[in-house]
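I have the model open and my notebook beside it. Here is what I looked up, entry by entry.

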Amino acid sequence: MSEREDIEHLIRSVTAARNLLRQYIQPGPRSAVDTVDRLIDILDERDFVATLDRLNRRKVMRLVE
């Protein structure tokens, strides 16, 4: 992946996480457990972590092993 593609991938993932949090803070029923599980799915996804590794030029630890 090129650096531009890596950055676009990170932007898509962070945007998805922000949208999830935006939904969570809206009035109405919600589940903190489900929201955190979905955030982990987004931010600990293997391609996301690999992209962080490449852009940081160092190893990024996964949230969940």
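**Entry 1: confidence**

I began by noting that this is a predicted model. The mean pLDDT of the chain is 91, and 98% of its residues reach 70 or more. I then asked which element has the lowest mean pLDDT and which the highest. H3 has the lowest, at 90, and H2 the highest, at 96.

**Entry 2: helix H1**

Helix H1 covers residues 3-25.

Next I looked up which residues of H1 are buried. I found Asp6, His9, Leu10, Ser13, Ala17 and Leu20. What do the buried residues of H1 pack against? They pack against helix H2 (32-43) and H3.

**Entry 3: histidine 9**

I picked histidine 9 out of that buried set. Its relative accessible area is 13%, and a residue counts as buried under 20%, so histidine 9 is buried. Leaving aside neighbours within four places in sequence, I found histidine 9 in contact with Glu45, Asp47, Phe48 and Thr51.

**Entry 4: salt bridges**

How many salt bridges does the count come to? I get 2. A reminder to myself: side chains of opposite charge can pair when their charged atoms come close.

One of them joins arginine 4 and glutamate 8, with the closest N and O atoms 3.1 Å apart. Arginine 4 and glutamate 8 are 4 residues apart in helix H1, so about one helical turn separates them. Arginine 4 is exposed, with a relative accessible area of 63%, while glutamate 8 is partly exposed at 33%.

In the other, the side chains of arginine 54 and aspartate 6 meet, at 2.8 Å from N to O. This pair links distant parts of the chain: arginine 54 is in helix H3 (residues 46-56) and aspartate 6 in helix H1, 48 residues apart.

**Entry 5: aromatic rings**

I searched the whole structure for aromatic pairs and found 0. I did note a charge over a ring: the charged end of arginine 30 sits over the ring of tyrosine 24, 5.3 Å from its centre.

**Entry 6: aspartate 44**

Where does aspartate 44 lie? I found it in the loop between H2 and H3. Aspartate 44 counts as buried, because its relative accessibility is 5% and the cut-off is under 20%. Not counting residues up to four places away in sequence, aspartate 44 touches Leu39, Val49, Arg62, Leu63 and Val64.

I looked at leucine 52, which lies in helix H3. At 23% relative accessibility, leucine 52 counts as partly exposed. Beyond residues up to four places away in sequence, leucine 52 touches Leu10, Arg57 and Val60. I also took a distance to alanine 16: leucine 52 is 36 residues from alanine 16 in sequence and 16 Å from it in space, C-alpha to C-alpha.

Aspartate 53 lies in helix H3 too. Its relative accessibility is 18%, so aspartate 53 counts as buried. Setting aside neighbours within four places in sequence, I see aspartate 53 in contact with Arg58, Lys59 and Val60. The C-alpha atoms of aspartate 53 and valine 64 are separated by 16 Å, and the two residues are 11 apart along the chain.

**Entry 7: glutamine 23**

My last stop was glutamine 23, in helix H1. Is glutamine 23 buried or exposed? At 51% relative accessibility, glutamine 23 counts as exposed, the cut-off being over 50%.

Definitions and conventions: Residues are numbered from 1 along each chain as its sequence is written. This is a predicted model: local features need pLDDT of at least 70, side-chain atom pairs count only at pLDDT 80 or more; totals for chains, interfaces and linings use all residues. Side-chain values use heavy atoms; hydrogens and water are left out. Helices (H or I, at least four residues) and strands (E, at least two) are DSSP runs, numbered from the N terminus. Buried means under 20% relative accessible area, exposed over 50%, partly exposed in between (1.4 Å probe, protein chains only). Contact means heavy atoms within 4.5 Å. A salt bridge is a side-chain nitrogen of Lys or Arg within 4 Å of a carboxyl oxygen of Asp or Glu. Rings of Phe, Tyr and Trp (its six-membered ring) pair if their centres lie within 6.5 Å; planes under 30 degrees apart count as stacked, over 60 as edge-to-face and the rest as tilted. A charge sits over a ring if NZ of Lys or CZ of Arg is within 6 Å of the ring centre and within 35 degrees of the ring normal. pLDDT is the predictor's confidence in each residue, from 0 to 100.
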